[in-house]
Amino acid sequence: MRFSDLGINNNELSNAAESEGFTPLEAGWYYTKITGCEPKETKSGTGMYLHMTYLVTGPKNAGRNIFENINIKNASDKAERIGKAQLYHLEDALGLLGVDNPDTNDLVGRAVEVRVALDPGKGEYGPSNSVKEYRAMANAPASAMPAAAAAAQGTASAPAKKRPWA
């Protein structure tokens, strides 16, 4: 079937696409649910990272995604150390530090509050977001925390874990 038969005009599509450009989130704390934790190989093939996806659940920008790559194996000792510190603080906020040999699937579906920074654009790339801190969502309003995640995490609160380089 032709698009015109469906009432679709290609000129309207290009106008819609131009208005849908990526706009990073404002810097600040966001209630999120982890919807993805995918191990990936680096482009060079010499390392591994976790590609994280956080779905914002509120109180503002609900439905938006935040992405983060956490280095777990890298040719640069510094990059690997930073990545492992990130994973430590994320697991701490999720209450997973006491879990023996956790799996990437243990992170998916859990709620965590993340502090996002607004990074300036570089070269051909515009501004973007980066995750700077994590903290447990025990004090979040019930509407911001998915019910299953709230039950899984209990009610204990944890202080924010500040990254030494942030």
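Predicted model: local features only at pLDDT ≥ 70, side-chain atom pairs only at ≥ 80, totals over all residues.
1. Leucine 50 is buried, with 5% relative accessible area; buried stands for under 20%, exposed for over 50% and partly exposed for what lies in between, with a 1.4 Å probe and protein chains only. Leucine 50 belongs to strand 2. Helices (H or I, at least four residues) and strands (E, at least two) are DSSP runs, numbered from the N terminus.

2. Residues are numbered from 1 along each chain as its sequence is written, and side-chain values use heavy atoms, with hydrogens and water left out.

3. Strand 1 (residues 28-41) and strand 2 (residues 48-58) run antiparallel and are joined by ten bridges. Two strands count as paired if DSSP finds at least two bridges between them. Within this pair, cysteine 37 stands opposite methionine 52 of strand 2. The hairpin of strand 1 and strand 2 has six residues between the strands, and glycine 45 there takes a positive phi near 80°.

4. Strand 2 also pairs with strand 3 (residues 65-73), in the antiparallel sense and over eight bridges. Methionine 52 has glutamate 68 as its bridge partner in strand 3. As a general point, the side chains in a regular strand alternate between the two faces of the sheet.

5. Which residue in the turn of the hairpin of strand 2 and strand 3 has a positive phi? The residue is asparagine 61, with a phi of about 60°, and the hairpin has six residues between its strands. Asparagine 61 is not a glycine. Its place is the loop between strand 2 and strand 3, and asparagine 61 is partly exposed, at 30% relative accessible area.

6. Asparagine 101 has a positive phi of about 55° and is likewise not a glycine. This residue sits in the loop between helix 2 (77-94) and strand 4 (111-119). Is asparagine 101 buried or exposed? Asparagine 101 counts as exposed because its relative accessibility is 69%.

7. Valine 131 is part of strand 5 (residues 128-135). With a relative accessible area of 5%, valine 131 is buried. Valine 131 and valine 116 are 15 residues apart in sequence, yet their C-alpha atoms are 4.6 Å apart in space.

8. The largest pocket has a volume of about 470 Å³. Of the 20 residues lining the largest pocket, Asn69, Asp119, Ser128, Asn129 and Ser130 are the closest to its centre. Strand 3, helix 2 and strand 5 are the elements that give two or more residues to the lining; strand 5 gives the largest share, five residues. A pocket is an open set of points on a 1 Å grid over the protein atoms alone, where a 1.4 Å probe fits, with protein on both sides within 12 Å along at least five of seven lines; lining residues have an atom within 4 Å of a point.

9. Phe3, Leu6 and Ile8 make a nonpolar surface patch of about 280 Å². Patch residues have over 30% relative accessible area and no salt bridge, and nonpolar side chains (Val, Leu, Ile, Met, Phe, Trp, Tyr) are joined within 5 Å, like charges within 9 Å. A salt bridge is a side-chain nitrogen of Lys or Arg within 4 Å of a carboxyl oxygen of Asp or Glu. Leucine 6 is found in the segment before helix 1 (10-19).

Note on methods: Areas by Shrake-Rupley, 256 points an atom, 1.4 Å probe, with all protein chains shown as cover. Points joined across faces, edges and corners; volume = space filled by probe spheres on them.
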